[in-house]
Amino acid sequence: MHIREFFKSYRESGKFIFKIMLLVSIFVWASGPIYAGNYLNSAHGNSNYGVKRTGISQYPRGHCAHCHEQHASINGAEPVPINGAVGYLLFSPNYTSQTVNFCFDCHVQTGGYQEGGGIINRSYSYNFGGNTDSYDNDLKQAFSHTAPGSSHNLNDIKKILGTTMYDANGHEWSLPKTLNPCDACHNPHIVQRNYPVSNADGKLKTAVTRPSNPNQLWGDDEGERMNRYGDYQAPYWYGSDTDDPKFEPAGDEVQDGSNLPDFVRLCTDCHNGYNQIWSSRLGRYLLPIKWFSNNGDIHGVKRGFIKRPRPPYSYQQHYTLSCTDCHEPHGSSNIFLLRTSINGKSISVSNTDDESWRNFCYGACHNYKHNKRNCFECHHHNKKF
Amino acid sequence: MRVRRLVFGNIVVVCLLCVCMPLHAEVTGECSNCHTMHNSQGGQPMAYHLVNGQPVASSTPNPMLLVCDCIGCHTSDGTNTIVNGVPIVYNMVSPNKPLAGGNFYYVINNGNNRGHNVFGISGPDPNLGNTPPGGTSMSSQLRCAGKYGCHGDRTIVNQFLAMKGAHHTHDVVLDGSTVGKSYRFLKGVLGKEEPHWEHDATSSVHNEYQGATDFSTSTSISSLCAQCHGNFHSSTGVGDNSPWFRHPTDIILPNKGEYQHYNDDTLDYSLIAPVARLDPNSVADPSKVVPGQDVVMCLSCHRAHGSPYYKMLRWDYTNYDLDKALSGCSVCHTNKQ
């Protein structure tokens, strides 16, 4: 139909004006405020459960002033905690050490400055794996693990800030040197409460931002979740099995990763074949992780079938795993940030002995072990088998 | 000549004010409108001054034979904020259009933390006393002018001596050389004065404030505040770069990140969170803000005299509706709303 006839037919049917109005209003609605940020949709800016510093009664919950002091003075004196005027106008220094961090001033089970005194943020294995037997209660705990446990080393993260990094596609990115290392993955002005899992109206609540793109939430939109790989299979929820299958991360029937941020992309902004990442704990550079390469990791995107799978994984299938299927992001009582529960089962890996590894590989996902040598000698990151 | 009668209880004070709408900050009109030669007319004293916001007739003459002290002239018992050409900074009833500096009405009516507690209008601030936060204690309560005030020559204690000549200065060009030739009689401060003190301000009709790119330039409006609130405007107190220790002023609004989208990306000059200029007299388009060029100042967030809001802010930062509370910050911090 010629365009003019098209409009004519509408005009004649009397729906023309209505349609135009509808189009216009959809356009106006969809365009919205262009530069509106996302702070008021963030966890910190939430007026029901957002930030509220003890003793700051003049400002409502969610208000900037609970974290930022314009002049480190209100009514002539610095509000508690008294730390002098410090960077980013924060009420206490941004980053000091693995266990002294502005974030932990509130993200701690007891003794924090958030009204009520504490914030519970349990381990991934608990929140998104259902493991109620072994977990951390708050972030400070999670970052406090020492051998045989492990914690993501904030000082090592701090060292990459201000340097040139590459994402898994080789694109350059860099974050300000002065940032709090936690902010590398969590832009505090936009990240959302992600537990319990809430995935409604096409938006997943997500607590992460990518280091390579700190001003955008990651995982909130479709196309930024694990289901984008087409072959993601969510692991079982803790204690669940074939009889009563429930899946991570919500403990329900959803198992395609559509409710899980694409953590592969998030983690591989740093952990890929381009960046050399020093581990103070190991005293060496980490193995490169090549999730997207044909010659890279077997658990990554490349082809290759799973060997001897335990359910819910099946034979003759390839799966792209999420980093969080095996790793805690913050800390764990296991080595290498390995989760305390994997694929529904409790997993203990306290050292690099063969027995520990068997516990991990065989205990969680594979139903067969060959007793040749220590699993780890042949199977590790950046290995095709 | 118009005669204005102020009636307060049984004290009748006649303050004769007949000033033709002056164009610049130079008074015109008959001397006796403002000066009283013998402080006596029909046996009644002509001079008066304000005590806690109320005019009191006084048989002691005011300095310079003025009919009243500073506040006496700059006060009104009505709602208008320009009365016979006098800019009113203290209305005894809610002002209809507060001028650029705000209004001292709010200190009396909304609370002591709504503005500067100026002697004559209110008692000392019960929380802060005479100590400016970020500065050192003053031995006397705040005045309009002089050593304990903001206007005039701050090396002279007496308010009138500190202002000597100012009201009679023809100040077409402000160069800061005298009180009269300074922005709003703030000695040494530069800027461009909107003739009606922002009575009918719009994004294109407004004062232009002097900004700077360091803490040592003494002509900026923020450096005036810093004369008392020093720590809030210094390298040691604020820092020289991000991460800042206190909110920076006299720094350029960066032409990047969230700042380049000032005021919802319209770049329209915002009366809620305005900016200063490096050269107030050659602003290409007063209705626009130019990131990379314009400057953050104390008055980006505060009024100078008083406002209806907490800590004399320009918007209601304590509003329980977060959208409103943060509306001023988000003019610049466009990512954080």
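The legends below describe close-up views of a predicted model. Local features need pLDDT of at least 70 and side-chain atom pairs count only at pLDDT 80 or more, whereas totals for chains, interfaces and linings use all residues. Residues are numbered from 1 along each chain as its sequence is written, chains are lettered from A in the order in which they are written, and side-chain values use heavy atoms, with hydrogens and water left out.

View 1. Domain 1 of chain B brings 22 residues to the contact and domain 2 of chain B brings 18, contact meaning heavy atoms within 4.5 Å.

**View 2. Polar contacts between domain 1 and domain 2 of chain B.** Across this interface, 15 residue pairs are in polar contact, both residues being at pLDDT 80 or more; a polar contact is a pair of N or O atoms within 3.5 Å, where within protein one must be able to donate a hydrogen and the other to accept it, and residues adjacent in sequence count only if both atoms are side-chain atoms. On the side of domain 1 of chain B that touches domain 2 of chain B there are 9 nonpolar, 11 polar and 2 charged residues, with Ala, Val, Leu, Ile, Met, Phe, Trp, Tyr, Cys and Pro counted as nonpolar, Asp, Glu, Lys and Arg as charged, and the others, Gly among them, as polar.

**View 3. Salt bridges between domain 1 and domain 2 of chain B.** The count between these domains is 0, a salt bridge being a side-chain nitrogen of Lys or Arg within 4 Å of a carboxyl oxygen of Asp or Glu.
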